[in-house]
Amino acid sequence: EHNGDLLSKFQNFIQNSEQNGIIIMSLGTYKFTIPEKDKKRFLNVFAKLKQGVIWKYDGKLSRDVTPPNVMFVKWLPQAELLNDTRTKLFISHTGR
C-alpha cells in the first residue's frame with residue numbers, strides 16, 4: 001500500500017517512476033558539501049538507472065547537468081518514503 005500522505009511533488013515524481021521504483025539518497029541533516037567531481041560521478045551513474053532518484057542535498061545545484069530521473073530536495077519525508085513499497089534502495093552516510 002502506498003502512503004497517501006506524501007507531498008504532491010514527491011508523489012508526482014514517484015508515480016512517474018512507478019514501474020521501476022525509486023532510490024532515496026540522503027547524506028544527513030548537517031550542512032554537507034560534496035565535491036563537484038563526486039556529485040557529477042553520482043549523477044552520471046544515476047542517469048543510467050531506470051529508477052527515479054530523490055537526493056536530499058543542501059549544496060549548490062547545476063540544473064543543466066541534472067538527469068531527468070533525479071530530483072534534488074532540501075528536505076524529504078524520509079520515514080514515509082522508506083515505508084513506501086516503491087522505494088528500492090536507500091543510500092546514506094549512516095551517521096558518524
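Reader: How many aromatic pairs does a search of the whole structure find?

Author: A search of the whole of this structure, which is a predicted model, finds seven aromatic pairs. As a general idea, a pair of aromatic rings is described by the distance of the centres and the angle of the planes. To take one case here, the ring centres of Trp-55 and Phe-72 are 5.1 Å apart and the planes stand at 35°, so this pair is tilted. Trp-55 belongs to strand S2 and Phe-72 to strand S3, so the pair ties together parts of the chain that are 17 residues apart in sequence.

Reader: Are Trp-55 and Phe-72 buried or exposed, and which residues form one aromatic cluster?

Author: Trp-55 has a relative accessible area of 0% and is buried, and Phe-72, with a relative accessible area of 10%, is buried as well. Both belong to an aromatic cluster formed by Phe-42, Phe-46, Trp-55, Tyr-57 and Phe-72.

Reader: In what order do the four strands of the open sheet stand, and which of them are at the edges?

Author: The order in this open sheet is S3-S2-S1-S4, and the pairing is parallel. S3 and strand S4 (87-92) are the edge strands, each having a single partner strand, so one side of each is left without a neighbour in the sheet. On average, and with direction ignored, neighbouring strands of the sheet are turned by 15° against each other.

Reader: How many bridges join S2 to S3, over how many do S1 and S4 pair, and which residues stand opposite one another?

Author: S2 and S3 run parallel and are joined by four bridges; within S3, Val-73 is the bridge partner of Lys-56. S1 and S4 also pair in the parallel sense, over five bridges, and Ile-22 stands opposite Thr-87 in S4.

Reader: How should I read the burial of a helix, and which residues of H1 are buried?

Author: The general idea is that an α-helix has 3.6 residues a turn, so residues three or four places apart point the same way. In helix H1 (residues 8-16), the buried residues are Phe-10, Gln-11, Phe-13 and Ile-14. Seen down the axis of H1, these buried residues fall within an arc of 165°, so they line one face of the helix. Ser-8 and Asn-16, on the other side of H1, are exposed. The cover over the buried residues of H1 includes strands S1 (22-26), S2 (52-56) and S3 (70-73), together with helix H3 (78-83).

Reader: Which residues make up the largest nonpolar core?

Author: The largest nonpolar core has eleven residues, namely Ile-23, Met-25, Leu-27, Ile-34, Leu-43, Phe-46, Val-53, Trp-55, Tyr-57, Val-70 and Phe-72. At least two residues of this core come from each of S1, H2, S2 and S3. Apart from it lies another core, of ten residues, including Phe-10, Ile-22, Ile-54 and Met-71.

Reader: Turning to a loop residue, where does Asn-20 lie, and with which residues is it in contact?

Author: Asn-20 lies in the loop between H1 and S1, and at 30% relative accessibility it counts as partly exposed. Leaving aside neighbours within four places in sequence, Asn-20 is in contact with Lys-50, Gln-51 and Lys-88. The C-alpha atoms of Asn-20 and Gly-52 are separated by 7.7 Å, although these residues are 32 residues apart along the chain.

Reader: What share of the residues in the chain is buried, and what share of the contacts joins residues at least 24 apart?

Author: Of the 96 residues in the chain, 41% are buried. Among contacts between residues at least 6 apart in sequence, 65% join residues at least 24 apart.

Terms used. Residues numbered from 1 in each chain as written. Predicted model: local features only at pLDDT ≥ 70, side-chain atom pairs only at ≥ 80, totals over all residues. Heavy atoms only, no water. Buried < 20%, exposed > 50% of the residue type's maximum accessible area, 1.4 Å probe, protein only. Arc of directions from axis to C-beta. Contact = heavy atoms within 4.5 Å. Pairing = 2+ DSSP bridges. Axes fitted to C-alpha atoms, helices over the stretch in contact; angles between N-to-C directions. Core = buried A, V, L, I, M, F, W, Y, C linked by side-chain atoms within 4.5 Å. Phe/Tyr/Trp six-rings, centres within 6.5 Å; stacked < 30°, edge-to-face > 60°.
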